[in-house]
Amino acid sequence: MSEQNKVLKSEDELFRFIDNDQFVSEKITAPRYSYWKSVFRVFFRKKINIVIIAFLVLILLVAFIMPIYWHYDPNENVTNAATYNLSPKEAIQYFGGFSFKWMLGSGNLGNSILYGIVSSARTSLLLAVICAAINMTIGILVGALWGYSKKVDAVMLVIYNIIANVPFILMVSVLVYIIGQGFWSFVFALTVTGWLFIAFFFRTQVMIIRDREYSLASRCLGTPVSRVITKNILPFLTSVIVTLLAQELPSYIGMEVTLAFIGIGLSAAVPSLGRMIAQAQGAFLTYPWEFWSPVAVASAITIILYVLGQNLADASDPRTHM
Amino acid sequence: MESNEKKVVLSVRNLDVVFGRGKKAFKAIDNVSFDIYEGETLSLVGESGSGKTTIGRAIVRINPCSAGEIYYKGKKISGKLSRKDDRDVIRKIQMIFQDPAASLNERATIEYIISEGLYNFHLYKDEKDRIAKIEKVVRDVGLLQEHLTRYPHEFSGGQRQRVGLARSIVMEPEFIVADEPISALDVSIRAQVLNLLKKFQVERGLTYLFIAHDLSIVRFISDRIVVIYKGRIMEIAPTEELFQYPLHPYTKSLISAIPIPDPIIEKEKKLFVYSPSMHDYSVEKPELVDLGNGHMVFGSPSEIEKYKKIRFAGQN
């Protein structure tokens, strides 16, 4: 008791003013936020994505590297009728022991099914990537301007209404008849109007966020339209863009198959999954390996691209970052 | 306060703003005229939907004027402008928005948000100068340098509003339209933002058009008050004049609605309810009349006589 009294003298000495640093209360202690880092963190939180990516890498490697060693010639055994339509078992037997080349059997002209599929997969992937890149780039840029400017909207709506009412398959088939069935003319046919549909979808998205208050604020600061689009509008549509990409990429592979099936696909000189499936449809019951192998590969590629894109789209939505 | 000697910075003349066309047309602003003098704070008050924000937005030219003109320092700024004049007006007239959450770009860092105007007008010598400028303005509004690399969603409402303020101030404007800058804020931080606004006004000689619906805040910040009802001006007066002699019944009702921080008085307070049917404008047409002392009221000639009697009772 007496000791305490010694220490505690008076109230004046007990209390003192502490400095109030106003800036201390302004500090943010939360860790720094980075958009893309969060996207990848959320993306790799789902373990299935790692498996899917592994499959995609495998497909890409096989499709782009193997055709260099496995040269596909559909007519290599055309003179030998004994090689036509061999099942995997028969083919391996006929060509003397196991080889990758004949593990999926032979086609109606004695061609190797596996080599055909690998070369075709490369064509399909290239087609999908090139068409998606062209259509998405043009579509997004035009769509952003289309949604932003009311003047552009009036003009573009008329153009859209005219072109959108022509059936897409009809337009592509007419174009293919006119400019030929090569790979690049096919790309041209798919992209010449394809971007218009993406642009229209994008226009609506832009209109939704166009008149948000921060865009008005940018107008008050005199920000040019190009920077409003790249800084105020596109960053908010990242997940929409990725979702769209997830649908677009597989759709071109599907489109090629569909068009080849009705006979206006790529020419015979270009190996393609669509042509292989179309040719094998008659042999569906008699020589099932000729039909099911390309179907399985086409489905696998589209499903992998789609699932991967959807999961990436989920991860790129900042609402999942919390 | 004799305002005639002061320099007019911005004048609004017979402004009409109409939304929609034809049958659906809605006249949001009807024949509004007022002047703002250099260095003062003019407040626009009125209930929601009365057109306060629309006037503010017409001045920063987000909403086009349907009729009438707006002059800034004698130059017409409504309608089409040459590119040079347009840029000039954008830089000199800035706006602070009501909702600090919506008016900042969520996907941009604070550094970009504050620098946006600087980039647009290239108001800096080199990168170093730009950084120095934004660091200074950030400190002026009471934020930290480390905030520059952060995103708006990491800030509190008051901090965000100060970012919005910094973004306007860094442009070195002469005139700021503050559209309800504190109505979305927590009561405890309203004073902070108001004090910042006052500080900048003193330091930089800014002129404000302050839009608000809270009369107690308006009384604190403004020099003169414009009362608006359904897109028309009801009364214009210097702040204390208006609070002492509210003449128009609508102004009276607004003032009677200010809450009193005493539960007993507040309970017994009699609210004054305004209804346009109080006026009979079938014979006499109403107009905005100057009563002297910078006090203008909207009314018919007989009403004006009545208002004059109330205002100058006991004088002369």
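A residue is taken as buried if 20 or more other C-beta atoms lie within 10 Å of its own, as exposed if 12 or fewer do, and as partly exposed in between. By that criterion, 33% of the 322 residues of chain A count as buried. The model is a predicted one, and the predictor gives the complex an ipTM of 0.84 and a pTM of 0.79.

**Confidence in chain B**

- The average pLDDT of chain B is 89, and 97% of the residues reach a score of at least 70.
- Within chain B, the highest confidence belongs to strand β3 (residues 41–45), at 94, whereas the lowest is found in helix α11 (residues 301–311), where the mean is 87.

**Form of chain A**

- Chain A has 15 helices and 0 strands in its secondary structure.
- The radius of gyration of chain A is 30 Å, while the globule rule gives 20 Å for 322 residues; because the value is well over that figure, chain A is more spread out than a compact globule.
- The C-alpha trace of chain A spans about 115 × 60 × 30 Å along its principal axes.
- Among the contacts in chain A with a separation of 6 or more, 69% are made by residues 24 or more positions apart.

**Contact between the chains**

- On the side of chain B, 28 residues are in contact with 23 residues of chain A.
- Two or more residues each are given to this side of chain B by α2 (83–92), β6 (93–96) and α3 (110–121) of chain B, and the largest share, 4 residues, comes from α3(B).
- By residue class, the side of chain B that touches chain A divides into 12 nonpolar, 9 polar and 7 charged residues.

**The open sheet of chain B**

- In chain B, 4 strands form an open sheet with antiparallel pairing, in the order β2-β1-β4-β5.
- The edges of this sheet are β2 (26–37) and β5 (75–76) of chain B; each has a single partner strand, so one side of each is left without a neighbour in the sheet.
- Inside that order, strand β1 (residues 8–19) of chain B runs antiparallel to strand β4 (residues 67–72) of chain B and is joined to it by 5 bridges, with Y71(B) in β4(B) as the bridge partner of S11(B).

- Strand β9 (residues 224–229) of chain B pairs with β10(B) in the antiparallel sense over 6 bridges, and V226(B) stands opposite I236(B) in β10(B).
- The hairpin of β9(B) and β10(B) has 2 residues between the strands, and K230(B) takes a positive phi near 50° there.
- Strand β10 (residues 232–238) of chain B is mostly covered, with 5 of its 7 residues buried.
- β10(B) is also joined by 2 bridges to strand β12 (residues 296–299) of chain B, again running antiparallel, and E235(B) stands opposite V297(B) in β12(B).

**Nonpolar cores**

- The largest nonpolar core holds 84 residues, of which I59(B), I114(B), A166(B), A178(B), L209(B), V226(B) and V227(B) touch the most other members.
- Once its neighbours within four places in sequence are left aside, A166(B) is in contact with I114(B), V137(B), V138(B) and V141(B).
- Another core, of 57 residues, lies apart from the largest one and includes W146(A), A189(A), W289(A) and V297(A).

**Individual residues of chain B**

- R311(B) is found in helix α11 of chain B and counts as partly exposed, with 19 C-beta neighbours inside 10 Å.
- Leaving aside its neighbours within four places in sequence, R311(B) is in contact with Y245(B), L247(B) and L291(B), and the C-alpha atoms of R311(B) and H295(B), 16 residues apart along the chain, are separated by 9.9 Å.

Methods:
Residues numbered from 1 in each chain as written. Chains lettered and ligands numbered in written order. Predicted model: local features only at pLDDT ≥ 70, side-chain atom pairs only at ≥ 80, totals over all residues. Pairing = 2+ DSSP bridges. Contact = placed C-beta atoms within 7 Å. Nonpolar A, V, L, I, M, F, W, Y, C, P; charged D, E, K, R; others polar. Rg over C-alpha atoms; globule rule 2.2 N^0.38 Å. Core = buried A, V, L, I, M, F, W, Y, C linked by C-beta atoms within 7 Å. pLDDT = per-residue confidence, 0-100.
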